[in-house]
Amino acid sequence: MSAPSDTDGKTTPLIHFARSKNGAGVIGNLKKNLETYKGQKTIHGTVQNTALFTANAAQFAGLMKETGGDINAMSNSQVARLAILGVSLLFQLVVYTLLLLQGKTYVKKEEEYERPEQREEEKQQLRTKNKFAIVFSALVVALNFALTQLN
């Protein structure tokens, strides 16, 4: 059985992949989603996000090493940088988690649900996760811009 196209109005942009009862369907959904154009864009974005995460973690570690980890010995600028880096790292972890949850999401065809409104509920949950990921990503950008102003 082939999946209907995205243009027929009966599917979401996600790939339809049967779930198994042992949980292998989640991995299958991730693999199938990665084979799409949108999945490839997500991979590229994740690589860029990983580079930013790594750079922020290195700056955080460097600042801690430079000051010996003693916050009392830090200047106000160093404390501000440390705080911004810490919050940025936390928000990036939130974004990674939200994107992982989106990647494993499986939205079936309308006729596969027991309740007709269940599909819309799942789609709405996916949209909500996406909105939160966008907000946290924007906050990460703002924090990193503020960080450049402190250097």
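This is a predicted model: local features need pLDDT of at least 70, side-chain atom pairs count only at pLDDT 80 or more; totals for chains, interfaces and linings use all residues.
Modeller: Residues are numbered from 1 along each chain as its sequence is written. Local features need pLDDT of at least 70, side-chain atom pairs count only at pLDDT 80 or more, totals for chains, interfaces and linings use all residues, and side-chain values use heavy atoms, with hydrogens and water left out.

Biologist: How many salt bridges does the count come to?

Modeller: A salt bridge is a side-chain nitrogen of Lys or Arg within 4 Å of a carboxyl oxygen of Asp or Glu. By this rule the count is three.

Biologist: Which residues are linked with Arg 115 in a network of salt bridges?

Modeller: Arg 115 pairs with Glu 117 at 3.0 Å, N to O. Arg 115 also pairs with Glu 121, where the closest N and O atoms are 3.2 Å apart. The residues linked with Arg 115 in the network are therefore Glu 117 and Glu 121.

Biologist: Is Lys 123 buried or exposed?

Modeller: Buried means under 20% relative accessible area, exposed over 50%, and partly exposed in between (1.4 Å probe, protein chains only). The relative accessibility of Lys 123 is 17%, so Lys 123 counts as buried.

Biologist: Which residue forms a salt bridge with Lys 123?

Modeller: The closest N and O atoms of this pair are 3.5 Å apart. The partner is Glu 120.
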